[in-house]
2 protein chains.
Amino acid sequence: MTGFPEVRVAYPAWVGDVVDWGRAYESPEDRMKLAIRLSRENVDRGTGGPFGAAVFERDGGRLVSVGMNLVVTHRNSTLHAEIVALMMAESRLGSYSLGAEGLPAHDVAASCDPCAMCLGALLWSGVSRVLCGAHREDAHILQFDEGPVFPESYRYLEKRGIEIQRGVLREEARAVLELYRDRDGVIYNG
Amino acid sequence: MTGFPEVRVAYPAWVGDVVDWGRAYESPEDRMKLAIRLSRENVDRGTGGPFGAAVFERDGGRLVSVGMNLVVTHRNSTLHAEIVALMMAESRLGSYSLGAEGLPAHDVAASCDPCAMCLGALLWSGVSRVLCGAHREDAHILQFDEGPVFPESYRYLEKRGIEIQRGVLREEARAVLELYRDRDGVIYNG
C-alpha cells in the first residue's frame, strides 16, 4: 500500500444554520429537543439516518458538541450519532474522558436508545448521564437492529455511576423514525 | 463556537516499518500474530494501550487494514484497536459495510476479546468472522473493563452469521497485556 488511509469526521454544513451554540439547554427536554432536531434535519437534508445526539455540561446545560448519523455519507459504519457527538466533544475539550478531573460533569441526549456499540462508547466516554428519546422497539419498526443490548446492559452502566433516563419526548423522537420510513430511507446494517 | 471540531484518525508512523502489506496471512494464527505484533509495538513505541487488530479478506488472507488502540494519543475514547481497523478498512474500500455486495468476505483478528463497544461495531461492520486472542479475564488483570458483554452477546452475533473463534494464540496475546502492566501503562477508562 503506497499511502495509509486517514479518516476524517466532519459535520455537514447545515449544522451551522441549525444549532444555537450560545444558549443554555436547561432541562432534559430542552436537550432532547436538540437531539431530535438534529435527527430530523439529518433526514430532511439527506445527510444520514434518523438519529441525533448532543453532549452538554450537566449543570447549566452549555452545549459542547452535537452528533448525527453519518454512516452513509462518511462510508463508516461506526459513525452513529452518539459516537460522533462523543468524538467531537472529546476533540473540543482535548480529553479522552468527559469525566476527567478538572472538567464539569457531562451528559448526552440521544434521540433513540443507544445500540450496543454506542452504549459501550458511552461507558468509556466518562459521561454522568444518558437521556434517551425513542425506544429500541421504535427503531425496530424501521428494521434498525440495536444489537446485543439487554436489561443488564443498562444496569452495568448504572452500577458504574451513569444515570440513564429513557423515553424523554419519546413520541417526538419516534415521529422522525416514521418520517424516515415514509421516505424509504436507507436501512444500513438492517 | 467559531469553528467546528474535525476529528482525524491516522496511524502512528511506525506502522510503515512494521506491517507487511504485500504478503498473504493464511491461517487464523498468522492473522492473530499480526494483531499481537501491533499490540506489542503500540506499547513499545508508547503510542497507546496494549491492543491490536487487523482486517483481512477471509479467503486468501489479503491484509486490508490494521488498528491499534489510539485512545490516549488521539484523546478519543472510541479509538479502540478494532474501531480503528474497521474505520480504516471501510475508508480504503469506500464502503460502510465490509459485507457489501461485490466485496469478498472479511474477517478481523483482535488481540483481545472485544469490549461491548467493539462487539457492537463488529456487528455493524459486516465482517463474517472474528478471531480473538486474549480473554476478557486477561484484560481484567490489568483492570481494563470490557463493559456489558455477556455470553448472549456472542450468541447474538453468531445468530447473525458471524463466526467467532476465541483464544487464538491466547498466551502470546496475554503476554503483551502483562508487559503493559509491568511498564505501568495508563489504564484509561479503568
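Reader: How many residues of chain B are in contact with chain A?

Author: Keep in mind that this is a predicted model. On the chain A side, 45 residues take part in the contact. The number for chain B is 45.

Reader: Which element gives the most to the side of chain B that touches chain A?

Author: Several elements of chain B each supply at least two residues there: β1 (7-9), α3 (71-74), α4 (81-93), α5 (116-125) and α7 (151-159). By class, that side of chain B has 27 nonpolar, 12 polar and 6 charged residues. The element that gives the most, with 8 residues, is α5(B).

Reader: Which residue stands opposite Arg8(A) in β1(B)?

Author: Here a strand of one chain pairs with a strand of the other: β1 of chain A (residues 7-9) and β1(B) run antiparallel, joined over 3 bridges. Within that pairing, the residue opposite Arg8(A) is Arg8(B).

Reader: Moving on to the open sheet in chain A, which strands are at its edges?

Author: The sheet has 5 strands in the order β3-β2-β4-β5-β6, with mixed pairing. On average, neighbouring strands are turned by 15° against each other, direction ignored. An edge strand pairs on one side only, and in chain A that picks out β3 (63-68) and β6 (163-165).

Reader: Now helix α8 of chain B: within what arc do its buried residues fall?

Author: This helix covers residues 170-182 and reaches 18 Å from its first C-alpha to its last, close to the 18 Å expected. Its buried residues are Ala173(B), Arg174(B), Val176(B), Leu177(B) and Tyr180(B). Seen down the axis of α8(B), they line one face of the helix, because they all fall within an arc of 150°.

Reader: Which residues on the other side of α8(B) are exposed?

Author: The buried residues of α8(B) pack against α2 (28-44), β4 (106-112), β5 (129-134) and α6 (136-140) of chain B. On the other side of the helix, the exposed residues are Glu171(B) and Asp182(B).

Terms used:
Residues numbered from 1 in each chain as written. Chains lettered and ligands numbered in written order. Predicted model: local features only at pLDDT ≥ 70, side-chain atom pairs only at ≥ 80, totals over all residues. Pairing = 2+ DSSP bridges. Helix = DSSP H or I, 4+ residues; strand = E, 2+ residues; numbered from the N terminus. Axes fitted to C-alpha atoms, helices over the stretch in contact; angles between N-to-C directions. Expected span 1.5 Å × (residues − 1). Buried ≥ 20, exposed ≤ 12 C-beta atoms within 10 Å, placed from the backbone. Arc of directions from axis to C-beta. Contact = placed C-beta atoms within 7 Å. Nonpolar A, V, L, I, M, F, W, Y, C, P; charged D, E, K, R; others polar.
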